[in-house]
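Work through the following exercises with the sequence and the coordinates side by side.

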Amino acid sequence: MSQFKCCGYYRYKIRKNFLAGLPKVAGEVEESMKERVRACDPVEVAAWVELLMLKKLGPFNYGTKEVKLKYRSICFNVRDSNNPDLRRKILLGEVEPEKLVRMIPEVMARHKLRHEIGQIRERRLAKIRDKDDEEEEEEKSECDDAQ
């Protein structure tokens, strides 16, 4: 553990972010899942996830911009009141911390936001295809004019 020296303040803040979200799961799940959720300790899960983030990403306070963004993204998505699925999956172990650290923000995002991102991506791709088609038509007409 000595290779992961970091200020306790940052580790505490990260765990606190998880503890702002994980206990909410008990009130967000259906009755059939409540027993499974009660069997999980949010404090233990928060500590475990933070420790694995530290091991996989390195310490927050010495990290690169990308590392700090990753920490912030994960913490934000766990606290996001509109993202109960991610919290539930983390608490119940359906998303393991190793996988969580590798997830891109889009995958962590709430369902509605993922849908909106998909629509934006489709519109951008359609514009690119339209632009490519226009350029192809222009090239074709230039070739026809040259003959």
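**Exercise 1.** Which residues gather in a patch of negative charge on the surface?

*Solution.* Before starting, note that this is a predicted model, in which local features need pLDDT of at least 70 and side-chain atom pairs count only at pLDDT 80 or more, while totals for chains, interfaces and linings use all residues. Residues are numbered from 1 along each chain as its sequence is written, and side-chain values use heavy atoms, with hydrogens and water left out.

The rule for patches takes residues with over 30% relative accessible area and no salt bridge, and joins like charges within 9 Å. The negative surface patch consists of D130, D132, D133, E134, E135, E136 and E137. One of these, E135, belongs to helix α9, which covers residues 111-146. E135 has a relative accessibility of 38% and therefore counts as partly exposed, a class that lies between buried (under 20% relative accessible area) and exposed (over 50%), with a 1.4 Å probe and protein chains only.

**Exercise 2.** Identify the residues of the positive surface patch and the elements that give two or more residues to it.

*Solution.* The positive patch is made up of K55, K56, K89, K99 and R102. Two or more residues come from each of α4 (42-57) and α7 (97-102). K99, which sits in helix α7, is partly exposed, its relative accessible area being 45%.

**Exercise 3.** Trace the salt bridges among R36, D85, R88 and E94.

*Solution.* R36 pairs with E94, their closest N and O atoms lying 3.3 Å apart. Since R36 is in helix α3 (residues 34-38) and E94 in the loop between α6 and α7, this pair ties together parts 58 residues apart in sequence. D85 and R88 also form a salt bridge, at 3.5 Å, and both belong to helix α6, 3 residues apart, or about one turn of the helix. Together, R36, D85, R88 and E94 are linked in a network of salt bridges.

Methods:
Patches are made of residues with over 30% relative accessible area and no salt bridge: like charges are joined within 9 Å, nonpolar side chains (Val, Leu, Ile, Met, Phe, Trp, Tyr) within 5 Å. Accessible areas come from the Shrake-Rupley method with a 1.4 Å probe; for residues, only the protein chains shown count as cover. A salt bridge is a side-chain nitrogen of Lys or Arg within 4 Å of a carboxyl oxygen of Asp or Glu. Lys and Arg count as positive and Asp and Glu as negative; His and the chain ends are not counted. The place of a charge is taken as NZ of Lys, CZ of Arg, CG of Asp or CD of Glu. Helices (H or I, at least four residues) and strands (E, at least two) are DSSP runs, numbered from the N terminus.
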